[in-house]
Amino acid sequence: MTANVSNVYLVEVSSGQLVKAELHDAILPRHLDHHERLWKPLIQARQEEHGHWDWQSKCRHYSAQLSYEFLAVECQQETQGLMIVNTIRRCRLPQQTNKHLVYVEYLEVAPWNRPHVTVDPKYRLVGTVMLAAAIQLSIDDGNKGRIGLHSLPQADTFYRDRCGMTDLGPDASIFGNLHYFEMTEQQATQFMQRS
């Protein structure tokens, strides 16, 4: 399997400098290997909310369905982020009910990049780059940047306060009553301008 690669930029926290990274439009075997060998021990040691996520199983399950796309961010030959999106979901916000959006099924950032995991993160902007990629997919599909997702509790403030998404509150239809967030066309434009 091969992937198309785009250049993106992360902030190296130690230097404060922008560093070039790669956005892959596929999750490759090496990305899954990095998750299993490098991420998982750190995630399980901290008993993270998503510690049970098995990316190999997720990729196998969703790869047979045409409505799913896979993305990975790599920097310095290490996987920094993984994401699976569904391109045929519908909006819930009243002003855009039933319009199509790109739904982020799963988004995970390497544990060494998360401030709540380590006091010394390696890179910033991984989650931001991945959301920008989801917005761009939405634009490319004619959905004007609309995206949606359910958030794990530890990420609620990121999506609401940093990304400017609308919090529609807990969703009783989802295990754990996770909050559902949606981004409008206007919010997507503002997000991309800030990013």
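Which residues gather in a patch of negative charge on the surface? The model shown here is a predicted one, and in this model the patch consists of Asp 25, Glu 69, Asp 140 and Asp 141. One of these residues, Asp 140, belongs to helix α3, which covers residues 126-140. Asp 140 has a relative accessible area of 54% and is exposed, because the term applies to values over 50%.

The surface also carries a nonpolar patch, formed by Tyr 9, Leu 18 and Leu 125. Together these three residues have about 300 Å² of accessible area. Tyr 9 is located in strand β1, made of residues 5-12. With a relative accessible area of 45%, Tyr 9 is partly exposed.

The backbone deserves attention next. Most residues other than glycine have a negative phi. Gln 76, however, has a phi near 55°, a positive value in a residue other than glycine. This residue sits in the loop between β3 (68-75) and β4 (78-90). Gln 76 is exposed, its relative accessible area being 58%. A positive phi is also found at Lys 144, where the angle is near 60°. Lys 144 is placed in the loop between α3 and β7, the latter spanning 147-151.

The discussion now turns to charged side chains that pair with one another. How many salt bridges does a search of the whole structure find? The search finds eight. One of them joins the side chains of Arg 92 and Asp 171, with a distance of 2.9 Å from N to O. Arg 92 lies in the loop between β4 and β5 (100-109), while Asp 171 lies in the loop between β8 and β9, so this pair ties together parts that are 79 residues apart in sequence. The two partners can also be described by their accessibility. Arg 92, at 36% relative accessibility, is partly exposed, whereas Asp 171 is buried, with a value of 9%.

Which residues are linked with Arg 160 in a network of salt bridges? The network links Arg 160 with Asp 161 and Asp 167. In the bridge between Arg 160 and Asp 161, the closest N and O atoms are 3.7 Å apart. In the bridge between the side chains of Arg 160 and Asp 167, the distance from N to O is 2.7 Å. Asp 161 is exposed at 56% relative accessibility, Arg 160 is partly exposed at 32%, and Asp 167 is partly exposed at 26%.

Is Ser 151 buried or exposed? Ser 151 counts as buried, at 1% relative accessibility, and its place is in strand β7. The side chain of Ser 151 is joined to the side chain of Asp 156 by a polar contact of 2.9 Å.

Met 183 is part of strand β9. This residue is buried, and its relative accessible area is 0%. Met 183 and Leu 93 are separated by 90 residues in sequence, yet their C-alpha atoms are 8.8 Å apart in space.

The reader may finally return to two places described above. At the surface, Asp 25, Glu 69, Asp 140 and Asp 141 form the patch of negative charge.

Key:
Residues numbered from 1 in each chain as written. Predicted model: local features only at pLDDT ≥ 70, side-chain atom pairs only at ≥ 80, totals over all residues. Heavy atoms only, no water. Patch = residues over 30% accessible without salt bridge, like charges linked within 9 Å, V, L, I, M, F, W, Y side chains within 5 Å. Areas by Shrake-Rupley, 256 points an atom, 1.4 Å probe, with all protein chains shown as cover. Salt bridge = Lys/Arg side-chain N within 4 Å of Asp/Glu carboxyl O. Lys, Arg positive; Asp, Glu negative; His and termini not counted. Charge placed at Lys NZ, Arg CZ, Asp CG, Glu CD. Helix = DSSP H or I, 4+ residues; strand = E, 2+ residues; numbered from the N terminus. Buried < 20%, exposed > 50% of the residue type's maximum accessible area, 1.4 Å probe, protein only. Polar contact = N/O pair within 3.5 Å; in protein donor to acceptor, adjacent residues only side chain to side chain.
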